[in-house]
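Please look through the sequence and the three-dimensional model shown here before reading on. The paragraphs after it go from the whole chain to single side chains.

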Amino acid sequence: IITSRICGICSCIHVTTSVQAVENALDIEVSEQTHKLRELMCLGERIRSHASHLYLFALPDYLGYESSLAMTKEHKQKIKRALELIKLGNKIVTVVGGREMHPVASVPGGFTNIPTQEKLDKLLSLLKEHRNKALRTANIFSVIEYPRFERKTQYFALDDGGYSIISGDVKSFDDRIRSHDYKEHIDEKMREYSTAKFSTVNGKSFMVGALARLNNHHDLSPDTMDLIKKFGFHFPIYNPFYNNVCQALELVHHFDQATAILNDLKIKN
């Protein structure tokens, strides 16, 4: 509960990570249902987070507006789409985690409250209803002209036998770090001019996020892979500005991931 307060935007993954740390310490194994519900909750967070960043923070800069509010007159549908995607992500988090921000239902060993099958079926319907918005988002960000800039670095992402968002080792092109070996490889320092931590991996800078995940993983949903082929992207990409289009591609993948989970998940109380 305390850990989730680190950030309002990514509180779901913070609480999930801290709960998993407690379980690892106490050797607690959870059910497949619990794992899938946690994954679903964090996918909801990713959907709202990516939509917020892409439409409300990044897009105004590329279209020449001072803010997303200034876009509303000429790009009303884009802002409306963003708000609908954010609302959907919030709905997923609320159903699984108990409320929109700082979820309270996830605890070591499982959940204090399990969503009903009816509520999950409703989420599935909403995902199908709004999926085209994710596809349109990918199309918008694929045609933006990004600054020409390349900077090769280390790209780290979770790997649990493939693309993962809540568990597994930390993987790059050349290295794999097991979670319990974290401190042997990742060094964190404080600097007097900032409240943030500054981290290096084996003494070198690194990047995480959507670009790092797509650089490391090519096992995305079929429709996401088709979009990558359609747009002519070839990974690895070393231009950090392409993190935006990678978020848009992930948005499609996350819709497909969440849909697959809900298609298979039959709640057992």
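Predicted model: local features only at pLDDT ≥ 70, side-chain atom pairs only at ≥ 80, totals over all residues.

Residues are numbered from 1 along each chain as its sequence is written, and side-chain values use heavy atoms, with hydrogens and water left out.

The protein chain holds nine helices and nine strands, where helices (H or I, at least four residues) and strands (E, at least two) are DSSP runs numbered from the N terminus. Its C-alpha trace spans about 50 × 50 × 40 Å along the principal axes. Of the 269 residues, 48% are buried, where buried means under 20% relative accessible area, exposed over 50%, and partly exposed in between (1.4 Å probe, protein chains only).

Side chains of opposite charge can pair when their charged atoms come close. The structure holds 12 salt bridges, each a side-chain nitrogen of Lys or Arg within 4 Å of a carboxyl oxygen of Asp or Glu. In one of them, E39 meets K36 at 3.8 Å, N to O; both residues lie in helix α2 (residues 32–63), three residues apart, about one turn of the helix. E39 is buried, with a relative accessible area of 12%, whereas K36 counts as partly exposed at 27%. Another salt bridge joins E188 and K197, with the closest N and O atoms 3.4 Å apart. Salt bridges that share partners also join E32, K36 and E39 into one network.

On the surface, K87, K91, K119 and K122 gather in a patch of positive charge, and the elements that give two or more residues to this positive patch are α4 (76–97) and α5 (117–142). Patches are made of residues with over 30% relative accessible area and no salt bridge, like charges being joined within 9 Å and nonpolar side chains (Val, Leu, Ile, Met, Phe, Trp, Tyr) within 5 Å. K91, in helix α4, is partly exposed at 40% relative accessible area. V22, L26 and I28 form a nonpolar patch with about 240 Å² of accessible area together.

How values were computed:
Areas by Shrake-Rupley, 256 points an atom, 1.4 Å probe, with all protein chains shown as cover. Lys, Arg positive; Asp, Glu negative; His and termini not counted. Charge placed at Lys NZ, Arg CZ, Asp CG, Glu CD.
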